[in-house]
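Open the model in your viewer and keep the selection tool ready. We will go from the whole chain to single residues.

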Amino acid sequence: MTTAAQMPKDIERRIRAMPGNNLCVDCNNNAPQWASVTYGTLMCLECSGQHRSLGVHLSFVRSIQMDSWTEKQIAAMEKSGGNQKLVEFFEARGINKSMRIPQKYNTKQAAYYKERLSRLLEGKTEPPPDPGRYDPVTGVSEAQGAEPLPGETTDQYNARQAKLREEARERLQQKFGNGT
């Protein structure tokens, strides 16, 4: 059983020192006091209310100073890379910081980021399938032909992709030799 306690001050200082954690991840308010454990980010009171309304399956919110924290929750905050990493991830995939919170965190890109952090905490090395860029006009993703098959788990997808890469390597070796 995992015990929970208030976040130690030294850990809080480390988390607050992470890139971008001096501002709310969603609106740029100063000195955020709330966190989304799901994404390993800090946010202001107003944005935390919107995250709470998404439901814990999309964003699990904690007060940095008032709530108790488990070791796994603290690890999520420390391993996430901070607010700047999520903002840069979203921007690289066509999701602007000013996008409304319910829309932003209901994208395939947000689900990917959440799953990737969860897998990192579980010690898994292969990331889930990357959904590519978000298209603001259609609201869908460009998966670049690398989506999982219907009903396929992330582990099954990664195993299938590894097998396909190995088969492609073998075909290239047969066609062109081993390059020595």
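**Before you start**

This is a predicted model, in which local features need pLDDT of at least 70, side-chain atom pairs count only at pLDDT 80 or more, and totals for chains, interfaces and linings use all residues. Residues are numbered from 1 along each chain as its sequence is written, and side-chain values use heavy atoms, with hydrogens and water left out.

**Stop 1: the whole chain**

Show the chain as a cartoon. Seven helices and seven strands make up its secondary structure. Helices (H or I, at least four residues) and strands (E, at least two) are DSSP runs, numbered from the N terminus. Follow the chain from the N terminus, and the order reads β-α-β-β-α-β-β-α-α-α-α-β-β-α. Zoom out next. The C-alpha atoms fill a box of roughly 60 × 40 × 35 Å along the principal axes.

The accessible surface is about 10500 Å², computed by the Shrake-Rupley method with a 1.4 Å probe; for residues, only the protein chains shown count as cover. Carbon and sulfur atoms account for 53% of this surface. Of the 180 residues, 40% are buried. Buried means under 20% relative accessible area, exposed means over 50%, and partly exposed is in between (1.4 Å probe, protein chains only).

How far apart in sequence are the residues that touch? Take contacts (heavy atoms within 4.5 Å) between residues at least 6 apart in sequence: 58% of them join residues at least 24 apart.

**Stop 2: the second largest pocket**

Select Val 37, Thr 38, Lys 72, Gln 73, Ala 76, Lys 114, Leu 117, Ser 118, Leu 121 and Glu 122; they line the second largest pocket. Helix H3 (71-79) and helix H6 (108-121) are the elements that give two or more residues to this lining. H6 has the largest share, four residues. The pocket holds about 170 Å³ of space.

Pockets and cavities are found on a 1 Å grid over the protein atoms alone: a cavity is a set of points where a 1.4 Å probe fits but cannot get out, a pocket is an open set with protein on both sides within 12 Å along at least five of seven lines, and lining residues have an atom within 4 Å of a point. Grid points are joined across faces, edges and corners, and a volume is the space filled by probe spheres set on the points.

**Stop 3: a loop with positive phi**

Go to the loop between helix H1 (9-16) and strand S2 (34-36), and select Asn 28. Its phi is near 75°, a positive value in a residue other than glycine. Asn 28 is partly exposed, because its relative accessibility is 40%. Then select Ala 31, in the loop between H1 and S2. The phi of Ala 31 is near 50°, also positive in a residue other than glycine. Ala 31 counts as partly exposed because its relative accessible area is 47%.

**Stop 4: the cavity**

How many cavities of 30 Å³ or more does the structure hold? There is one. The largest cavity has a volume of about 50 Å³. Select its lining, including Val 25, Leu 86, Phe 90, Glu 91, Ile 95 and Tyr 105. Helix H4 (residues 83-92) gives the most, four residues.

End on Glu 91, which sits in helix H4. Glu 91 is partly exposed, because its relative accessibility is 46%. Draw a line from its C-alpha atom to that of Tyr 134. The two C-alpha atoms are separated by 9.5 Å, with the residues 43 apart along the chain.
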